Amino acid sequence: MTLDYAAAYFLLGIMFLASIFGIVLSLFMPGINSLNRKFFALMFGNLTLLVIAWTVDVFTWRSPEFLTEERIAIFFEGFCYALTMPVFTIYLLRLCGESLRNKLFYAVAILFGICLILLGVAQVTEIFYYVTAEDFYNGKWYSFLVLPVLLTMILNIFGVIRRKKFLSKRYFRAFLFYLVPFTFTTLIHAIEILPFVMAFGLIFSTITMVAIVFSDYVNEFFRQQREIINQQANILILQMRPHFIYNTMTSIYYLCSQNPEKAQKLTLDFTNYLRKNFTAIVSEKTISFSEELEHAKAYLSIEQVQFEEILFVTYDTPHINFKVPPLTLQPIVENSVKHGLDPDAEPLHILVLTRETDGGSEIVVEDDGVGFKFDGNKENLALQNIRKRLEIFCGGNLEILPREGGGTVVKIFVPLTKI
């Protein structure tokens with residue numbers, strides 16, 4: 001295989017894989033609206049047909065027995081190449097909320113029609129190009145065959161600029177990245193037939209535009225995921241166990257006469273706990289671990305008043321200079337109490353510790369209770385939510401392990417680079 005053929009097949013292979021990947025992404029990527037899904041599927045479908053036509057052209061190149069097939073392939077190359085512009089025009093107008101009864105669309109449609117007529121003429125004459133057993137040659141008026149396509153590109157560039165106020169900055173940049181290199185390589189091709197330059201311009205422009213637009217959808221998808229998990233966390237907050245609130249208020253009531261100082265502390269802890277809960281509802285960013293630790297301490301102090309003889313907590317938290325999503329530690333210690341405390345068994349000991357590692361920060365919550373049962377029911381929603389929030393907010397992870405000797409160990413890792 002000669003170097004020319006090797007380069008051609010290599011480029012065609014890249015374009016084919018890119019077009020198939022684009023079709024799959026357009027059809028199955030979540031969050032894409034109907035207009036964008038149709039446009040990208042059509043654009044990549046057209047690109048796939050263009051790659052097929054180019055492949056046939058390369059395969060039949062310099063083969064006298066396939067002259068007819070090569071001419072047909074060249075016709076479809078021109079057709080698919082020209083079709084990219086009216087498709088883009090329709091997409092641009094729809095995206096900006098305009099109808100197709102538009103001067104831009106009429107102009108592009110007329111130029112596309114002229115291009116089709118010229119392509120038809122090129123099949124029966126040699127004024128634009130001609131194919132021989134040796135090679136493909138441009139005729140005297142070849143540039144006029146490419147001119148209508150070039151003009152549609154220029155019209156679309158001005159169309160995008162005129163509609164800048166109707167487009168987001170990301171879309172505006174994406175469209176210019178698509179049209180300008182595409183137009184430049186087409187201009188070069190109109191002057192001198194360089195199929196590889198034209199092919200490179202097309203694939204570069206297409207991939208660049210799709211990468212920019214799809215990145216917008218990726219960001220939107222993750223934003224929606226953040227909203228979902230925040231809503232789930234908020235539901236968990238608002239669904240505070242009624243008996244926990246009743247018991248706390250009852251404890252405060254009796255302590256007011258028996259131990260007023262302790263009643264004051266319990267009231268302050270309960271107020272702090274509620275404040276942290278409701279602050280977490282409106283928080284959409286990570287918070288300092290020291291704030292989350294205060295939330296957990298407030299909750300555990302309340303529980304220790306009610307289970308004074310059987311609940312003991314130890315804190316070993318010298319490292320607090322890092323950030324976590326809100327409601328990271330408090331639900332974990334709450335699970336330790338909920339699943340580890342048994343009034344008829346031994347007292348429950350909970351250890352909360354933090355440490356700095358080479359790659360980030362680690363939080364460990366360890367208890368010697370009866371052990372956590374991983375049965376997949378609603379009691380695990382809090383931990384599932386924490387895991388998702390860690391992944392999305394800071395790239396962290398959560399691990400739940402059985403403790404040696406009984407109980408549960410929960411480990412949270414927050415990478416340094418994500419803080």
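How closely do the axes of helix H10 and H11 come, and at roughly what angle do they cross? The views below take up this pair and others in a predicted model.

**View 1. Helix H10 against H11.** The axes of helix H10 (residues 289-306) and H11 come within 8 Å, with a crossing of roughly 25°. Angles under 35 degrees count as roughly parallel, so H10 is roughly parallel to H11. The crossing is right-handed. On the H10 side, the contact is made by Glu292, His295, Ala296, Tyr299, Leu300 and Glu303. On the H11 side, Gln330, Pro331, Val333, Glu334 and Val337 take part. By class, the contact of H10 with H11 has six nonpolar, two polar and three charged residues.

**View 2. Ser336 in helix H11.** Ser336 sits in H11, which spans residues 330-340. Is Ser336 buried or exposed? Its relative accessible area is 5%, so Ser336 is buried. Leaving aside neighbours within four places in sequence, Ser336 is in contact with Leu341, Leu348, Ile350, Val365 and Asp367.

**View 3. Helix H3 against helix H5.** H3 covers residues 67-95 and H5 covers residues 142-162. Their axes come within 9 Å and cross at roughly 20°. H3 and H5 are therefore roughly parallel to each other. Their crossing is left-handed. From H3, the residues in contact are Tyr81, Ala82, Met85, Phe88, Thr89 and Leu92. They meet Val149, Thr152, Met153, Asn156, Gly159 and Val160 in H5. The residues of this contact divide into eight nonpolar, four polar and no charged.

**View 4. Helix H5 against H6.** The axes of H5 and H6 come within 9 Å and cross at roughly 160°. Angles over 145 degrees count as roughly antiparallel, so H5 is roughly antiparallel to H6. The crossing of H5 and H6 is left-handed. H5 contributes Tyr142, Ser143, Val146, Leu150, Met153, Ile154, Asn156, Ile157, Val160 and Ile161. H6 contributes residues including Phe172, Phe175, Leu176, Leu179, Val180, Phe182 and Thr183. Also among the H6 residues of this contact are Thr186, Leu187, His189, Ala190 and Ile191. The classes are 17 nonpolar, five polar and no charged residues.

**View 5. Thr183 in helix H6.** Thr183 is found in H6. Which residues does Thr183 touch, not counting residues up to four places away in sequence? They are Leu150, Met153, Ile154 and Ile157. Thr183 has a relative accessible area of 10% and is therefore buried.

**View 6. The largest nonpolar core.** This core has 53 residues. Which residues have the most contacts inside it? They are Phe88, Phe175 and Met209. At least two residues of the core come from each of helix H1 (3-28), helix H2 (34-60), H3, helix H4 (103-124), H5, helix H6 (169-191) and helix H7 (195-238). H3 gives the most, with 10 residues. In soluble globular proteins, nonpolar side chains tend to be buried together.

**View 7. Ile90 in helix H3.** Ile90 has its place in H3. Its relative accessible area is 31%, so Ile90 is partly exposed. Not counting residues up to four places away in sequence, Ile90 touches Leu100 and Phe105. Phe39 lies 51 residues from Ile90 in sequence. In space, Ile90 and Phe39 are 8.9 Å apart, C-alpha to C-alpha.

**View 8. The whole protein, for context.** The protein has 12 helices and nine strands. Of its 419 residues, 46% count as buried. How many of the contacts between residues at least 6 apart in sequence join residues at least 24 apart? The share is 70%.

Conventions. Residues are numbered from 1 along each chain as its sequence is written. This is a predicted model: local features need pLDDT of at least 70, side-chain atom pairs count only at pLDDT 80 or more; totals for chains, interfaces and linings use all residues. Side-chain values use heavy atoms; hydrogens and water are left out. Axes are lines fitted to C-alpha atoms, for helices over the stretch in contact, and angles run from 0 to 180 degrees between N-to-C directions. Helices (H or I, at least four residues) and strands (E, at least two) are DSSP runs, numbered from the N terminus. Angles under 35 degrees count as roughly parallel, over 145 as roughly antiparallel, 65 to 115 as roughly perpendicular and the rest as oblique. A crossing is left-handed if the near helix is turned anticlockwise from the far one by less than a right angle, and right-handed if clockwise. Contact means heavy atoms within 4.5 Å. Ala, Val, Leu, Ile, Met, Phe, Trp, Tyr, Cys and Pro count as nonpolar, Asp, Glu, Lys and Arg as charged, and the others, Gly among them, as polar. A nonpolar core is a set of buried Ala, Val, Leu, Ile, Met, Phe, Trp, Tyr and Cys residues joined through side-chain atoms within 4.5 Å. Buried means under 20% relative accessible area, exposed over 50%, partly exposed in between (1.4 Å probe, protein chains only).
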